[in-house]
Structures are given as structure tokens and as C-alpha cells.
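This note is meant for a colleague who meets the structure for the first time. Its points are numbered so that each can be checked against the view below.

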Amino acid sequence: MNINVALAGAGAFGLKHLDALKVIDGANVISLVGRERGKTEEVARKYGIPHVATDLAESLQMKEVDAVILCTPTPLHAAQAVACLRAGKHVQIEIPLCDSLPDGMAVAAAARASGKVAMCGHTRRFNPSHQWLHQRIRRGELHIQQMNVQTYFFRRSNMNALGQPRSWTDHLLWHHAAHTVDLFAYQTGSPIVKGHAIEGPIHPTLGIAMDMSIQLKAANGAICTLSLSFNNDGPLGTFFRYIGDTGTYLARYDDLVTGQEEKIDVSQVAVSLNGIELQDREFLAAIVEGREPNASVAQVLPCYEVLDDLARQLA
């Protein structure tokens, strides 16, 4: 495997991908795109990336670029993904795919027309903790009755994961809820047929709800309750409680325990405990093998249909 990659977005999540790609044989990052040339050049020097641009179009014109990973602001994802596909490049779009359903549908249409691999960064599908459970479910050893999920941050100003100012505003529904909505359908193996959402007060300057509650029901009867907050001054991240017919499990990133807090070893589930690395490995493997990847744009589009329905309720 020898794939030349252009990565757009040298921020907090872009760095996670660069760290992952450097341990994957045959993954060569040859171009880095960022808003600020000075900062982007600094990152490129650190990772040994030969080409720097401040415009994605410049990288798309490079014939040697095979694939693009988009870690850019959410409002740019869909249009940039379509541009990549039309330029004949495989593309992985960091979550979320879009912040409106028509934009997501446009990416799906462009992917079909291009014949290229188009994947979305729904990392929870790849975290070993969730993979361990997915394998039990597929073997018929566990059937989910309920998922209870908490997604909590303390983010009352427009900052990213590195504590740096953002040029765009994050969103609980279109970004953070997307992880759980997709994972719920993926783990139950059943489409979501009912959803309900309520939100708290709108922040006076950010213009978004800082708290949200979502209820979901799958066709097979399983239910999911999701609580999200940017106001939580406590443990940060997303915590999953799986309540099944043969056991209860708590997943905290790549740590997995039973309902009695007994640790489960997930180290043998995959070649790494790093969900981003496993996600990138799947993207590159799908390109080499000429197949649809797990978390393809087509597979995750139903998640954004649910988010669109919830957004309409909140409107």
C-alpha cells in the first residue's frame, strides 16, 4: 500500500490524523492545507510534509495526490468533499459530514458519480471498546435494549479542543449527536424510526443551544437516551452505557467495563487502541482493495436524515 494523502485542516483534529497516519505503512502525507500559512508551515516541518497550501484547490490540482482527509470547519465539509470527488480524489470527511441534509445528499451523489471511496469519520464505529460490543452483537450473544449516552463539554466560549479560538461555531446536534445517532443504529443493526429532541436556552453570543436531550427508537424496539451539554464543568467526553439482555457495559473512549465496573480487555480487538488510526486504516484499505469502507458516506447518510428531522422539531 502506497497512498499519497493531502490533509486539510491543521488544527486539533488534523494533528490526531497526522499522528495516526505516521504509523500506517504506505500512508504518505504530501500536502497540508491550513488557513494560516505560518502555523501550517510549522506543522508541516514537524511532520515532514513537503507541500503547504492555504487553498484546498491547490492541493487538488496535484496529480500525485490520491486521497484527501478533511479536518476543516464543519460548514466547509460538504462543499470541499464534493470538490475532492470531482477532482478524482478519494475523500474522508471528519465528522460531521454536513450541517444540512441537502448538503449531505449532494456529497452522496458526488460519491456515486465519482466511483471513489468517500468515507465519514464516525470514529465510534472503530473504537475497540465499541468494536468489542459490536462483535458480540453480531454473534448473537448480546441484544441491546437501551443505550444511555452522555456527551459533555465545558465550552462556553468558541474554543477548540486545544483551547484555541475557533473560526466557526460547533453544534451539539449536527456534530456531537451525530456520533451517537449513527452508533445506535450501527450497534442495534436496526434503522431509527422515531426521534424526539428538546434544547435548553440559546447562548446570547454563540447563538446555539448549550444543552440538549434526544430520545431515539430503533425498528427492533431498542431505545436510546442522549444528553448533551457545553455547560458541564466536570468529566469531559462521551460516556456510553449499553443495557443488553445478557449484560450491561460502560464504554469510556477505549476503556470498557461491565455494569459492575469490571474491566474488559479490548487490546486484542484491533491492531491499535487508537480509534482515529483504525478509522484511517479502514479508509486507506478500502482504497487499496477497491471496496466500500465501513462508515462510507452512503452508510452514514441515514444518521443525517435523523438529525434533519430533529432539527426541524427544534425549529
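1. Opposite which residue of strand 3 does Ser31 stand? Ser31 stands opposite His51. The strands concerned are strand 2 (residues 27–33) and strand 3, which pair in the parallel sense over three bridges. Helices (H or I, at least four residues) and strands (E, at least two) are DSSP runs numbered from the N terminus, and two strands pair if DSSP finds at least two bridges between them.

2. On the basis of the description, the model is a predicted one, in which local features need pLDDT of at least 70 and side-chain atom pairs count only at pLDDT 80 or more, while totals for chains, interfaces and linings use all residues. Residues are numbered from 1 along each chain as its sequence is written, and side-chain values use heavy atoms, with hydrogens and water left out.

3. The axes of helix 1 (residues 12–21) and helix 8 (residues 275–289) come within 9 Å and cross at roughly 70 degrees. Helix 1 is therefore roughly perpendicular to helix 8, a label that covers angles of 65 to 115 degrees. Residues in contact (heavy atoms within 4.5 Å) include Phe13 and His17 of helix 1 and Ile276 and Leu284 of helix 8.

4. The largest nonpolar core has 101 residues, and Ile214 and Tyr304 have the most contacts inside it. Such a core is a set of buried Ala, Val, Leu, Ile, Met, Phe, Trp, Tyr and Cys residues joined through side-chain atoms within 4.5 Å; buried means under 20% relative accessible area, exposed over 50%, and partly exposed in between (1.4 Å probe, protein chains only). Helix 7 (residues 172–188) gives the most to this core, with nine residues.

5. Tyr304 touches, among others, Ile95, Pro96, Trp174 and Ala178, not counting residues up to four places away in sequence. A cis peptide bond joins Ile95 and Pro96, with omega about 5 degrees. Pro96 is found in the loop between strand 5 (90–94) and helix 5 (101–114).

6. Ile214 is part of the covered face of strand 9 (residues 211–218), together with Met212, Leu216 and Ala218, whereas Asp211, Ser213, Gln215 and Lys217 form the uncovered face. Strand 9 is joined by seven bridges to the antiparallel strand 8 (residues 192–199). Strand 9 also pairs in the antiparallel sense, over seven bridges, with strand 10 (residues 223–229). In the hairpin of strand 9 and strand 10, Gly221 takes a positive phi near 100 degrees.

7. Two residues deserve a separate look. Tyr253, although not a glycine, has a positive phi of about 55 degrees; Tyr253 is partly exposed, with a relative accessible area of 39%. Ala295, in the loop between helix 8 and helix 9 (297–314), has a positive phi near 70 degrees and counts as buried at 0% relative accessibility.

Notes: Axes are lines fitted to C-alpha atoms, for helices over the stretch in contact, and angles run from 0 to 180 degrees between N-to-C directions. Angles under 35 degrees count as roughly parallel, over 145 as roughly antiparallel, 65 to 115 as roughly perpendicular and the rest as oblique.
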